[in-house]
Every structure is written in structure tokens, then in C-alpha cells.
Amino acid sequence: MSQQEFKVTTAEDWARTDQYHNSFLHTKDEILDAALKNSTANGLPEIAVSAAQGKFLNLLVSSIGAKRILEVGTLGGYSTIWLARALPDDGELITLELIEKHAKVAQENIDKANLTNKVKIIVGPAHESMQQLHPETPFDFIFIDADKKGNLDYFTEAKRLVRKGGVIIVDNVVRYGRVADPEYTDTNVEGVRRLLKGLKGDTDVEATTIGTVGDKGYDGYLYAVRK
Ligand code: SAH
Ligand code: DHB
Ligand code: MG
């Protein structure tokens, strides 16, 4: 393909494209805007999913009619709000967060979003919290988005906790292409590679990675269905 047909694109192009599409497909959302503002004001890192990614999670939850969601990595509850909004009245979401301060800010944001009754935050190391979960009814949907070195451990527990036919999504599996570039060996990319190696030959799930570009750069979701 020649350069004229396919010019090299930049982070600015991807961000502009996200904003352009969102201007048609998303409506102004004061609750989500306030959640991000409150998170930043409290010093939380700006690493929540993008609006388009958040809405995509929301639509996936709706698509399978999920009633029970588990989230690993709460931060300020931005993705939590997107996910929980897709739940029916009797739906529930449990979200796991290591840092007390993040959980406190998330609780404020979730309360302001009127989702207090549907969302429960568990504070502590996510792997231990997951091991302590023995739900009577398994989860329909699990979103893994905490420290990347724990990915395989979280995924292994997620397979135990999700129903057959349920969905597991893992965030940040592309990281600007670094995961596939052997020059990078930091703990984040190694954590994603460890997950991918674990998935090779894993007959418990069918999975694929879908790369994304937008106002959060070049990254991707791993999408897995429990068999
Ligand atoms: N899902 C959020 C972003 C999560 S950022 C959103 O899109 O809005 C990752 C979060 O995982 C951070 O808040 C971090 O404190 C938390 N985290 C890191 N290590 C963890 C661990 N071992 N157990 C639980 N949470 C962890
Ligand atoms: C980071 C973590 C995330 O979950 C994310 O979506 C983006 C960045 C990070 O740790 O840098
Ligand atoms: Mg993430």
C-alpha cells in the first residue's frame, strides 16, 4: 500500500477521530465528567479507559444481558460506572482495588452516579480477594484492569469465577505495540506476555485481541469467552 493510500498516523489523529465519532454517538455525561474531574483533583493517575472503550464495555454487558460483573482494578470507578449502568435493577458489580485512597474516591463517584446499591468495592490485593470469592451464582462478565504483572493470576481466577459462555476482558494488552516488541522487557509487557503464553493451548476459553486507537493511544482489549 502506498503512502498516499495510507499515511502514517499519529496519536493526535487517533484522538481527533475518537472525539469526532463520540460527537455523534455519545451524549454529554455530567456524571462521568465529574468522576474524572474528582479523580484527577484527588491525584489519581489519568489511566481510566477512554469514553469509547467505556461505552463499548457498557454495550458488551448489555449484549449478553449480564447481571453479575466482577472488575479487577477500580481506580476512580470510571469504568465501574460504565459497566454498572448496563446492569438491570437486580444486577450487581464487585470491584477490587488495592489502594484505599482510590477506593474512597471511587466510592464518592459511584455514589454520585446513583449506583451505590449495585456496586461493592473490596479493598486489598486483587488476587487474594478473588481467591476469597465463592459466589453461589458465577459472574457473567469480568473486566481485568489492575497491575499487569498479575494478569495471568487474575485470568486463572476469572476462569473459575465466570459462568460457561461468560466473558472475560483484559485491558491494555497491546501497549503501543510494546508487548510484541522484544526490545521491551518491563514488568507490564512481561505480565501481558505471561498471560498470552498461558493462553496458548488453553482449552478453557476462546480468545482474541482487538487492537484499539483513540484518545488513550494505541492499545487493545483481550476478549475471551469461557467454554
Ligand atoms: N478500571 C479503571 C482503571 C484501573 S487502573 C478504569 O478504567 O476506570 C488500575 C488500578 O488497579 C489502580 O487503581 C491500581 O491501584 C489497582 N491495582 C494495582 N495493583 C493492584 C492489586 N494488586 N490489586 C488490586 N488492585 C490493584
Ligand atoms: C496504565 C494502566 C492502565 O490500566 C491503563 O489503562 C493505562 C495505563 C499504566 O499503568 O500506565
Ligand atoms: Mg487499563
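Tutor: Asp 171 places a polar side-chain atom 3.2 Å from an oxygen atom of ligand 2. That is a polar contact (a pair of N or O atoms within 3.5 Å). The model is predicted: local features need pLDDT of at least 70, side-chain atom pairs count only at pLDDT 80 or more, and totals for chains, interfaces and linings use all residues. Residues are numbered from 1 along each chain as its sequence is written, chains are lettered from A and ligands numbered from 1 in the order in which they are written, and side-chain values use heavy atoms, with hydrogens and water left out.

The side chain of Lys 148 has an N or O atom 3.0 Å from an oxygen atom of the ligand. Ile 47 uses its backbone instead, with an N or O atom 3.3 Å from a ligand oxygen. The surroundings of ligand 2 are Ile 47, Asp 145, Lys 148, Asp 171, Asn 172 and Arg 175. Here a residue counts as near if one of its heavy atoms lies within 4 Å.

Now the metal. Asp 145 (OD), Asp 171 (OD) and Asn 172 (OD1) coordinate the magnesium ion (ligand 3) at 2.0 to 2.2 Å. Donors are N, O and S atoms within 2.8 Å of the metal (3.2 Å for Na, K and Ca); water is not among the atoms, so the site may look incomplete. Along the sequence, the donor residues follow the spacing D-x25-D-N. Distant parts of the chain are linked: Asp 145 sits in the loop between strand 4 and helix 7, and Asn 172 in the loop between strand 5 and helix 8 (187-199), 27 residues apart. Helices (H or I, at least four residues) and strands (E, at least two) are DSSP runs.

How exposed are these residues? Asp 145 counts as buried because its relative accessibility is 14%. Asn 172 is buried as well, at 12%. Buried means under 20% relative accessible area, exposed over 50%, and partly exposed in between, with a 1.4 Å probe and protein chains only. Arg 175 is partly exposed at 28%. Arg 175 is found in the loop between strand 5 and helix 8. Its phi is near 45°, a positive value in a residue other than glycine.

Asp 145 also faces ligand 1. Of the 20 residues around that ligand, Ser 79, Glu 97, His 102, Ala 126 and Asp 145 come nearest. The side chain of Ser 79 has an N or O atom 2.8 Å from a nitrogen atom of ligand 1.

Seven strands form an open, mixed sheet in the order 3-2-1-4-5-7-6. Strand 3 (119-123) and strand 6 (205-214) are at the edges, each with a single partner strand, so one side of each lacks a neighbour in the sheet. Strand 5 (residues 162-170) pairs with strand 7 (residues 217-226) in the antiparallel sense over four bridges; pairing takes at least two DSSP bridges. Val 167 has Val 225 in strand 7 as its bridge partner.

How values were computed: Polar contact = N/O pair within 3.5 Å; in protein donor to acceptor, adjacent residues only side chain to side chain.
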